[in-house]
Every structure is written in C-alpha cells, then in structure tokens.
Amino acid sequence: METRAVYPGSFDPVTNGHLDLIQRSAALFDKVIVAILSNTEKIPLFTVEERAEMLEEVVRDLKNVSVTSFAGLLVDYVERVGASVIIRGIRAVSDYEYELQMALMNRRLSSKVETVFMLPAESYSFLSSKLVKEIAQLGGSIHGFVPADVEKRLCSKLRIK
Ligand code: PNS
C-alpha cells in the first residue's frame, strides 16, 4: 500500500534545510505533500502563493513531491489527503520539546496519523527561515542557506520594503 506523508510548515521562505528534509522524505515515502500553513498567527514575509512558487521551483525534479497549502487542523488535512504520516525536522535538542508536544497532541487528535522526526544534514542544523530573513534584512549574506531563486526573491522583497 502507498504511504503518503505530509511535510507541514510555514516555509517563509523554504531553506536548504527544508529542501534537504524534502529530499530525504521523498526517498523514504511513496508520496510527499509539502503543506504550507495559510492561517498562521505569524505575519509572513511571503504570501502563501509566493511560498508555494518557491517550493514548486525547488521540488520540480522530485516526481513524488507535491506542494499545497492548508488551513485548520493539521491532522484533519492529513486525513483528508489520505496520508498517514506527518514529517517534522529536528535540528537540535531545543526543537524537541515543542515538536514532542505537537506530535503527542496530534496523536491525541488522530490515532491514525503518525509523526516521523527526521534529521537534516548537520551542516543545516543551525539554519532557520527566521534567521535567514534577519540576516538578509541586516545586509548579511544568505548565500548557501537558501536555494538561488529564494535568495533572489528575498533580496528583491527586502529592498522594496
Ligand atoms: O514551520 P512551523 O511554523 O514550525 O510549522 C508549524 C505547523 C504548521 C506544523 C503547526 O503550526 C501546525 O500544525 N498548525 C496547524 C494547526 C494545528 O493543527 N494545530 C495543532 C497542532 S498540535
């Protein structure tokens, strides 16, 4: 039977760490659905449409990966698309507490859905969308932290802001 996994997140914007995890997941699961949360309390830099475009560009060659957005409860979305796995990345111990809480709550909300924690390459263990935005905003180089298209979009977005 086909195993579908959902990789949810804000992806504001997608980093090379996210991409690394998507590639690892694509090798493990039959289908990976990258799902952008659209109704977040955080004020995003990029619109959902822009984030989806950037993600679509970087997963173009991964045939079993698709990009969508969702609103509402993650477990409801996961069940709706016929998936049984939620993928979350753990970069360091500091991520674990929040991720554990979410995974256990999601398990309480739906016993049909399993969370799988994955580790990105260690060279990305310090990387986050938040830091990338901050560095770019303050004029630092984000080369190597995000895909080339994202770097370009980030620079032009911040220049006009
Ligand atoms: O990349 P992020 O911002 O850490 O992703 C967080 C995300 C999208 C996985 C989380 O906020 C989420 O699942 N939101 C959907 C609403 C929901 O289901 N909340 C209950 C979680 S236990």
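Student: So which strand is R88 found in?
Tutor: R88 sits in strand β4, residues 85-89. Helices (H or I, at least four residues) and strands (E, at least two) are DSSP runs, numbered from the N terminus.

Student: Before we go on, what kind of model is this?
Tutor: This is a predicted model, where local features need pLDDT of at least 70, side-chain atom pairs count only at pLDDT 80 or more, and totals for chains, interfaces and linings use all residues. Residues are numbered from 1 along each chain as its sequence is written, and side-chain values use heavy atoms, with hydrogens and water left out.

Student: Ok, is R88 buried or exposed?
Tutor: R88 counts as buried because its relative accessibility is 18%. Buried means under 20% relative accessible area, exposed over 50%, and partly exposed in between (1.4 Å probe, protein chains only).

Student: What does the R88 side chain make a polar contact with?
Tutor: With the side chain of E99, at 2.8 Å. A polar contact is a pair of N or O atoms within 3.5 Å; within protein, one must be able to donate a hydrogen and the other to accept it, and residues adjacent in sequence count only if both atoms are side-chain atoms.

Student: And where is E99 found?
Tutor: E99 belongs to helix α4. E99 is buried too, with a relative accessible area of 5%. Leaving aside neighbours within four places in sequence, E99 is in contact (heavy atoms within 4.5 Å) with R88, G89, I90 and F117.

Student: New topic: which residues lie nearest the centre of the largest pocket?
Tutor: G9, S10, K42, R88 and Y98, out of 40 lining residues. On a 1 Å grid over the protein atoms alone, a pocket is an open set of points where a 1.4 Å probe fits, with protein on both sides within 12 Å along at least five of seven lines; lining residues have an atom within 4 Å of a point.

Student: Which element gives the most to that lining?
Tutor: That's α4, with eight residues.

Student: Last one: how many helices and strands does the chain have?
Tutor: Six helices and five strands. From the N terminus on, they run β-α-β-α-β-α-β-α-β-α-α.

Student: And what are the spans of the C-alpha trace?
Tutor: About 45 × 35 × 30 Å along the principal axes. Also, 43% of the 161 residues count as buried.
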